[in-house]
Amino acid sequence: MTLRPGQRKEAALLFAWNYCAVAAFFVGRSVRDALFLAHESPSRLPLMYVLSPLAVSAVGLLYARVADRVRRDRLVRATSVALAALALAAWWALGPRWVYYALYVGVEVMGALAMMQFWTSAGDRFSPREARRIFGIIAAGGTVANITVGVLISQLVTRTGAEALLLAVAGFLLAVALLSTLVARRPTARRAAPRSPSAAAPPPAVDPPGTGHLRLLGPMIACGVLASTLLDFQFKTIAAHTFAGDRVAMLRFFALLSSGIGAVSLFVQFFVTARVLERFGVTGALLFLPGTLGLSALGILASPTLPAATVSEAGDVFRYTLHDAAMQLLYLPVPAAVRGRRKATIDGVIKPGTEALSGAALFGYRAVSGALGPLAAVTVVAAVLWIVAVLRLRTAYARSLAETLRRRRIATGAPDDVVTRDIERAAREALRSGDPATLRHALDLARLAPGALDVELRALAAHPDAAIRSGALACLAPCGLGDAELDRALADTDPGVRAAAARAAGPAQLARVSPLLDADEAPLVAAAAEAMHRHGDADARARVSARASALLADAAREARALGLELARLAPDPALLPALLLRFADRRDARHAAEAAAAVGAAAEPALIGALASPALCPTALRALGALGTRSTLAAVAGALPADDEASRDAACEALARARAGSPGVELPTDAMIAACEAELTRAFTAVAAAEGLGRDESALRTDGTRALLPYRPADVEGPAALISRALRERTERARNRVFHLLGAVQPELDLATVRANLDEPDPVRRANAVELLDSSDWAREIASLRPLVVALVEESPRADRLAAAGRRLKLPARTRDGWVEALLDDASAWMVACAAYHAGAAEVLSARPRLRALAADPRAIVRETAAGALARIDHPEQRGPMITTAEKVLFLKGLELFAMVPSEDLVELAGITTELAVDEEDEVFREGDRGDALFLVVEGSVRVSRGGRTLATMGEREVFGEMALLDPAPRSATATAATSVTLLRVAQEDFADLLRERPEVASGVLRVLTRRLRAANERMDGAP
């Protein structure tokens, strides 16, 4: 396990902290047991079993009230010092009987507080990903303490006596106070987000999906606690009689036993637990502990001697290894939103409550009888009931697992080898259900093991529900269908069923399927093509290729889409010329690349030849990357220095996907690392340009979030924000290319997660992403790039970031006007337009000659913006209405709906907007009108009403009617101009065409709509 240098000292301190905390509890528990049993009758133990959990619960409730009000390190230090003082006081006050009772309860409270504080403090130090890497190291401190301290006190007790070891408890607690202080002085790796002030939502009345099996945990835990409590009492009673008050010998025995159990547990944890979980599953692993305790109870029933009773303590080997691991996996299907509450209820209420009740019952029993035999018999019964509860849990757990899998809620790190048999069992049970919804979900599980579910699936092939019939046939495709079964399915009235049947056809059944290749329904054509290509001869494949070629040449968009699907399902080199033509169409490019890559090595020459065409190059690079051979990846790497950003984007993405698809693929790492440095230079040059212009498109709030600067036509802030946004987006685009390349060179860096969190609005998440990037262990060949990448992404002043990069990169130094002139010569039409717009608004007189040349540029947006900039410079007193595309983009970028869409992608959206002036009290649209457009308020305000009642007033930079872009349903309200208003109108049909051509726009809009929905859900969850 590798730690960065800064974490090694922190991990060592936390390891020592855990060691001292566990050692204090270990020594205290051993001393208190020996002293209590030496001075009190074992018949008094049941009272301790009642008082201890009640005291722990009471102290825990009190602690929870102050835990969030006092700084964590101060609270730990104060608690540890106070507990150490109490240990010293107990040592000084030993003698009176009440002291031994207080010591027994106090040690339990001490252990609970010490471990709670340790793991809470450790959790404050690390993000979840860091915790997975580090917690295994620091947790070992407790196991090492069990082993070493047990051996140590077994030797010391004969010299010092049991009582003096309370001084060691105090010493360990003072060491905890010191170590917690040292840890607190180190920089914190992460800080938790503040808790929402709203009251928690009440628990739902109905169990959420994936939680049904938790109802059985209560009886199972109750039986387990009862059996464990009774056995602990029997063990200590037998030990007290065996050692006859010899506290030193008793303490030495307890210490050596615990040390031996710790050593065996360490072996089981590393070498047995994973194998048992793999072999027997979750519920199988849960049987080991009750089985061991039941055998111990039978041994005591047969012969109440110390060796037989000691077997019960050996059960701790399974309790803290197999049992704990399996118990954590039981929470795997539980949705994260309710997992914490259910776990707290089980661990914080049911378990201590059962312990107290067990102690009370035992106390009552000891008042009338001192015999151990009946207790052993009850323990055997409890262990048997415990085993029965586990066996019943198996089915309930499988059902919960099925519910969770249907909703895709299991974490990506779930151990598949543990749950495979449970999935099969859950699928079989669900496939026998009469509920159509359950059956449809069960078919998703059945795809994982169709051979084992053959009988159930064939029965469902005749189900009345068409979706279930087609799903069953899809599952049966690997197993094959009989001729009669296939004929019945091909005669089905539902096209989806016929398509599923065609895909399930075998080589001898192609004559039944081939007529579907000329069907009118696209799914039938695709299914027939797939079957004929997979099982057919050369003539059958040629027929499929001819059909695909005809479709690719069709003028209709739907026909071409079907042709691309056939070309992917039935790859043929003869289709490559037609596919290359589709590379230039953004609507078809992605599917065309997939189809070309499906051809395999035969496509390589044609794809490499397509790299010479700027229009075809990006798509050809993606197809070459999908081939993933050494020669194709070398060709992709050759495009990394391209001038065209789209080609560099495609090359970097292709190399990253090649690594993700084949982790062992050999990549041209030297060229990729050189490209990383070039991209970093481009990114920092954009940062330097933004710094040189002295403007920014946003302001950093005190809480770490950013506020976009609004567009104000009367001043220079708007144009400055436009060019600054363009430069920021260039930086982020270069950053993404760097992440693609570095992630391909060293996948362990998990840069996809970092990149995703860097784009989050939450400043804590962004800070955690930077820390994760900086704290990761970089491979030697790219380690020198880490300071540059970290400086690029962290939110520190631009001057500081540039100073960090300037030591490595040679960045140009220019004046403000010099940066404007340089950007006017940029290769990107959008960047040139932004620079021209800024030059006009800021009256950069030195840019006038270049603007005159650009006013005749063949690129429309450059020509239009340069002409407008010249007009502003020559006639600054005149300011026309918002008519340029650049101004529309600036306005659109300031709207939340389009805030996540790159400015360059908004150019085409700006091109389809139309200006609309509406007089006061005129209607924009009426309730019931067809929703055919979205509106953006440029100036003025609009009143939205329904039935004469005002619902909202939309002001400048606000959007209304946006749902019409996705669903042209009748308008649900009337929009009226509250003042004279200037609007931008985006027609639904134009927007739909744009989405097909520019999916980046759809991606940005959907991110904002998703964020709105998530925020609305959080508000509903927090509502009283």
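**Entry 1: Leu439**

I began with Leu439, which touches Ala430, Leu431, Ser433, Leu460, His463 and Ile468, leaving aside residues up to four places away in sequence; contact here means heavy atoms within 4.5 Å. I noted that the model is predicted, that local features need pLDDT of at least 70 and side-chain atom pairs pLDDT 80 or more, and that totals for chains, interfaces and linings use all residues. Residues are numbered from 1 along each chain as its sequence is written, and side-chain values use heavy atoms, with hydrogens and water left out.

I placed Leu439 in helix 16 (residues 436-446); helices (H or I, at least four residues) and strands (E, at least two) are DSSP runs numbered from the N terminus. The scale is under 20% relative accessible area for buried, over 50% for exposed and in between for partly exposed, with a 1.4 Å probe and protein chains only. I also looked up Gly471, which is 32 residues from Leu439 in sequence and 9.4 Å away in space, C-alpha to C-alpha.

**Entry 2: Helices 18 and 20**

I then took helix 18 (residues 466-476) and helix 20 (residues 495-504), whose axes come within 8 Å and cross at roughly 10°. Axes are lines fitted to C-alpha atoms, for helices over the stretch in contact, and angles run from 0 to 180 degrees between N-to-C directions. Helix 18 and helix 20 are therefore roughly parallel to each other; angles under 35 degrees count as roughly parallel, over 145 as roughly antiparallel, 65 to 115 as roughly perpendicular and the rest as oblique.

Helix 18 contributes Ala466, Arg469, Ser470, Leu473 and Ala474 to the contact, and helix 20 contributes Gly496, Val497, Ala500, Ala501 and Ala504. I sorted the contact by class and recorded 7 nonpolar, 2 polar and 1 charged residues. In this scheme Ala, Val, Leu, Ile, Met, Phe, Trp, Tyr, Cys and Pro count as nonpolar, Asp, Glu, Lys and Arg as charged, and the others, Gly among them, as polar.

**Entry 3: Helix 6**

I checked the length of helix 6 (residues 165-184): at 1.5 Å a residue its 20 residues should span 28 Å, and the end C-alpha atoms are 29 Å apart, which agrees. The expected span is 1.5 Å times one less than the number of residues. Among the buried residues of helix 6 I listed Leu165, Leu166, Val169, Phe172, Leu173 and Val176.

I traced an open sheet of 4 strands in the order 3-10-5-8, with antiparallel pairing; two strands pair if DSSP finds at least two bridges between them. Strand 3 and strand 8 (959-960) are the edge strands, each pairing on one side only. Helix 41 (residues 885-893) packs on the sheet and touches strand 3, strand 5 and strand 10, its direction making about 100° with that of strand 5.

Strand 10 (residues 981-987) is mostly covered, with 5 of its 7 residues buried. I found 6 bridges joining strand 3 (residues 913-918) to strand 10 in the antiparallel sense, with Leu984 as the bridge partner of Glu915. Strand 5 (residues 933-939) is also antiparallel to strand 10 and joined to it by 6 bridges; here Thr982 is the bridge partner of Glu939.

I next looked up Gln988, which is in helix 43 (residues 988-997). Gln988 counts as buried at 15% relative accessibility. Gln988 and Gly931 are 57 residues apart in sequence and 8.1 Å apart in space, C-alpha to C-alpha.

**Entry 4: The hairpin of strands 6 and 7**

I recorded antiparallel pairing over 5 bridges between strand 6 (residues 942-946) and strand 7 (residues 949-954). Arg943 stands opposite Thr953 in strand 7. The two strands form a hairpin with 2 residues between them, and Gly947 in the turn has a positive phi of about 60°.

Most residues other than glycine have a negative phi. Glu843 lies in the loop between helix 38 (829-841) and helix 39 (848-854) and is partly exposed, with a relative accessible area of 41%.

Glu921 has a positive phi near 75°. I located Glu921 in the loop between strand 3 and strand 4 (923-925); at 47% relative accessibility, Glu921 counts as partly exposed.
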